[in-house]
Amino acid sequence: MAIASCFFCVPTPNTSISESNLTWPHLASFPRLSSSSFNGVISAKSISFNRRVSITPVLSASIDNGGSDNIGGGHGGGGGGDGGKNNGDGEGGEDRDRNRNEAMLLLTESGTGLDTLPKDLAAAIESGRIPGSVITRFLELQKSAVMRWLMQFAGFRERLLADDLFLAKLAMECGVGIFTKTAAEYERRRENFFNELEVVCADVAMAIIADFMLVYLPAPTVSLRPPLALTAGGISKFFHNCPDNAFQIALSGTSYTLLQRLGAITRNGAKLFAVGTTSSLVGTAITNAFIKARLAVDQTSEGEIETVPIVSTSVAYGVYMAVSSNLRYQVVAGVIEQRLLEPMLHQHKLALSALCFAVRTGNTFLGSLLWVDYARLIGIQKSH
């Protein structure tokens, strides 16, 4: 195997990279350069340029496999597949080469080896699916013991690398959910609030179970999962390559088609239908248990209090989660937070957190109002 050439982009002075820092495995296949190769600019012990060195060699791995290291698989926040567009040629291939070089340079500067990283992250770096900005965030998160522990889990790792405030948003949603949903129930029911207390309890119980998944599933991600096997079916491959959030920003070297973004809504809708139906089964079962206990204590209430229909309520709540909740949370996470608030307040985390809290609180309250109206509209709840 022969390597045709190695190109160095000319950059700006003030940064010196020692030979000992250039320890990438691929560089071992390059022919040794003499100290006079670049008229004295490159010395035997150091390479000095104006600022950051941009090295874009024709890597031996790319020659061996015809560019197959530019994997098009995966799903999620910019690290996932792009419908086969980025196959190692053209702009997609250049982006992935740049991503790989930036990531390796940052790891080298921090003294972090690929073998010390999670396997999925290391594979994504080698395939060029992870830009330097993600590596910078990973190194920052590693400084916190809590974040370091959470990033042992693949799902949290993908979401924290896409949004370092993900954990705070999860706490916001679950923490205020019970209060905002109770307030929304009171707003809709007013004088009938205590007469319909059993139904209120069902709604709040369903909300507590569902809040976690409503934040977790539609959150933007940095996909670290490998592509599916070649023998996988076409439908599986399509949904595997869809982002987790239909509106999330794709990272460098990745793009999503309109069909893939619509697929993200469909896939999350199916998951939220299952979550909504299951949580409703639990909530209505708890409510019916409360009603029976109340009837056992107060016999005079018999005939005035009705149990909640379990099957119809559960299916209806699953549909509501798949449609209304799915779309609202996708817009909140992918449009309002990632595309609008984050670019404006990136350097002001406190203000960003406060605005995210306000947006999510309002969204939760709106969702509770819509659920009461929807439940009454289809007849599974009645106004006394």
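These legends walk through several close-up views of one predicted model. Local features need pLDDT of at least 70, side-chain atom pairs count only at pLDDT 80 or more, and totals for chains, interfaces and linings use all residues. Residues are numbered from 1 along each chain as its sequence is written, and side-chain values use heavy atoms, with hydrogens and water left out.

**View 1. The whole chain, to get your bearings.**
The chain holds 12 helices and 4 strands. Both are DSSP runs numbered from the N terminus: helices (H or I) have at least four residues, strands (E) at least two. Of the 384 residues, 45% count as buried. Here, buried means under 20% relative accessible area, exposed means over 50%, and partly exposed is in between, with a 1.4 Å probe and protein chains only. Take the contacts between residues at least 6 apart in sequence: 75% of these join residues at least 24 apart. A contact means heavy atoms within 4.5 Å.

**View 2. Helix H7 meets helix H12.**
Look for H7 at residues 166-189 and H12 at residues 349-378; they pack at an angle of about 40°, with their axes 8 Å apart. Axes are lines fitted to C-alpha atoms, for helices over the stretch in contact, and angles run from 0 to 180 degrees between N-to-C directions. H7 and H12 are therefore oblique to each other. On this scale, under 35 degrees is roughly parallel, over 145 roughly antiparallel, 65 to 115 roughly perpendicular, and the rest oblique. The residues of this contact divide into 10 nonpolar, 6 polar and 10 charged. Nonpolar covers Ala, Val, Leu, Ile, Met, Phe, Trp, Tyr, Cys and Pro; charged covers Asp, Glu, Lys and Arg; the others, Gly among them, are polar.

Met206 sits in helix H8, residues 197-216. Is Met206 buried or exposed? With a relative accessible area of 0%, Met206 is buried. Leaving out residues up to four places away in sequence, Met206 touches Ser279, Ser280, Gly283, Tyr317 and Trp371. Find Leu281 too: Met206 and Leu281 are 75 residues apart in sequence, and their C-alpha atoms are 8.4 Å apart in space.

The whole structure has 13 aromatic pairs. Rings of Phe, Tyr and Trp (its six-membered ring) pair if their centres lie within 6.5 Å; planes under 30 degrees apart are stacked, over 60 edge-to-face, and the rest tilted. Phe212 and Tyr216 have ring centres 5.6 Å apart and planes at 15°, so this pair is stacked. Being 4 residues apart in helix H8, the two are separated by about one helical turn. Phe212 is partly exposed at 31% relative accessible area, whereas Tyr216 is buried at 18%. Ring pairs also link Phe156, Phe166, Phe212 and Tyr216 into a cluster.

**View 3. A ring pair between helices H11 and H12.**
The ring centres of Tyr320 and Tyr374 are 5.8 Å apart and their planes lie at 25°, so this pair is stacked. Tyr320 lies in helix H11 (residues 310-344) and Tyr374 in helix H12, so the pair ties together parts that are 54 residues apart in sequence. Tyr320 counts as buried at 7% relative accessibility, while Tyr374, at 22%, counts as partly exposed.

**View 4. Thr277 and its contacts.**
Thr277 belongs to helix H10, residues 258-297. Its relative accessible area is 16%, so Thr277 is buried. Which residues does Thr277 contact, leaving aside neighbours within four places in sequence? They are Ser314, Val315 and Gly318.
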